Amino acid sequence: MFLKALELNPDSVEANSLIGSCYLLLNKPDLAEGFLYAAVMLSEWKDAVSIANLAESLRLNNDPNLAVQVAMKGYENLGQKDDSGLIQYVLGASYRDQKKYSLSSDWFLSSALRQPKNIDAWVLASTMHFPDSDRDYKLAENVLLQGMHENEGNVDLVFQMGLVMHHSNNLEQALKCYDFVLSQNAEHKDALSMSATALHTIGGRSVDAFHRYNSAIKHNPDNAILLSNFGLLLHSSFRDQVNSNDIVALAEKALAIDSSIPEAIKLINMYKKV
């Protein structure tokens, strides 16, 4: 339909933009690029959606540098006239591709502030999806607090806050976040796994950790770290009550999934000596 509309009016910004957007949705950025370029030029750089999608098609075509150039030109041209946050989001993604994580976080935050219901923008601005060495936990806490204020009770944001508290060694607060997530979704695999680890680490809550590990493994049976940690808990707190073969079996299963888990190797070596 849109192609027919384009045949009737090749100078239609809307038709070019919609066709380009459809190709993007179909994961064909190479086909999207030409239509989106036409839409941007025909709109005289005034259509934020076309600009953002053109930059995104360039990013997906492995040209984040040109994506940044296009998005920046659109941003500078539109200024405060654009409240979609789309251009800022693509800038965040493009700088992330370039491993310029501080700039990436800034642009994702700018996008989130324009569209506060965009949960992904808050999460990405928090730095929690960046490599460990490029995370900023204090920044993450502040960004997520603002996102949670705008989206009260959002499970994704609360879970990310739990991770921040966990990495900051504030385990009791992390558990409160995980428990809230589980109150909304009792089968949330990541919250089950992380809360089991937190209960194990806190100490004095071995029974709670035991039950949480069981639930976590039921929903995530191929998580090597989870299996290994459960084995460690059984060894440290329940070895007089469980069969040593069960502990070894957990460690062996963990190593079958990931042969580099040091805790699993340690467990097997300990029981081989017994």
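Leaving aside neighbours within four places in sequence, which residues is Thr197 in contact with? They are His166, Tyr213 and Asn229, where contact means heavy atoms within 4.5 Å. Welcome to a predicted model, in which local features need pLDDT of at least 70 and side-chain atom pairs count only at pLDDT 80 or more, while totals for chains, interfaces and linings use all residues. Residues are numbered from 1 along each chain as its sequence is written, and side-chain values use heavy atoms, with hydrogens and water left out.

**Overall architecture**

- The protein has 16 helices and zero strands; these are DSSP runs numbered from the N terminus, with helices being H or I of at least four residues and strands being E of at least two.
- With a radius of gyration of 24 Å, well over the 19 Å that the globule rule gives for 274 residues, the protein is more spread out than a compact globule. The radius is taken over C-alpha atoms, and the rule is 2.2 Å times the number of residues to the power 0.38.
- Along the principal axes, the C-alpha atoms fill a box of roughly 80 × 35 × 30 Å.
- Of the 274 residues, 45% count as buried (buried is under 20% relative accessible area, exposed is over 50%, and partly exposed is in between, with a 1.4 Å probe and protein chains only).
- Among contacts between residues at least 6 apart in sequence, 48% join residues at least 24 apart.

**Helix H14 (residues 224-237)**

- H14 has 14 residues and reaches 20 Å from its first C-alpha to its last, close to the 20 Å expected at 1.5 Å a residue; the expected span is 1.5 Å times one less than the number of residues.
- Because 11 of its 14 residues are buried, H14 is largely enclosed by the rest of the structure. Among those buried residues are Leu226, Asn229, Phe230 and His235.
- At the start of H14, a side-chain oxygen of Asn223 comes to within 3.2 Å of the backbone nitrogen of Ile225. This is a polar contact, a pair of N or O atoms within 3.5 Å; within protein, one must be able to donate a hydrogen and the other to accept it, and residues adjacent in sequence count only if both atoms are side-chain atoms.

**Helix H15 (residues 244-257)**

- The end C-alpha atoms of H15 are 20 Å apart, which agrees with the 20 Å that its 14 residues should span at 1.5 Å a residue.
- Ile247, Val248, Leu250, Ala251, Ala254 and Leu255 are buried in H15. They cover an arc of only 155° around the axis, which puts them on the same side of H15; the arc is that of the directions from the helix axis to the C-beta atoms.
- Asn245 and Ala256 are exposed on the other side of H15.
- A side-chain oxygen of Asn243 reaches to within 2.7 Å of the backbone nitrogen of Asn245 at the start of H15.

**Residues worth a look**

- Thr197 lies in helix H12 (residues 189-202), and a polar atom of its side chain is 3.1 Å from the backbone oxygen of Ser193.
- Arg59, in helix H4 (residues 48-60), is buried, with a relative accessible area of 14%. Not counting residues up to four places away in sequence, Arg59 touches Ala67, Val90, Ala93, Ser94, Arg96 and Asp97.
- Glu14 sits in helix H2 (residues 13-25) and counts as exposed at 57% relative accessibility. Glu14 and Met165 are 151 residues apart in sequence and 46 Å apart in space, C-alpha to C-alpha.

**Cysteines**

- The structure holds zero disulfides, a disulfide being a pair of cysteine sulfur atoms within 2.5 Å.
- Cys22 is partly exposed at 32% relative accessibility, whereas Cys177 is buried at 7%.
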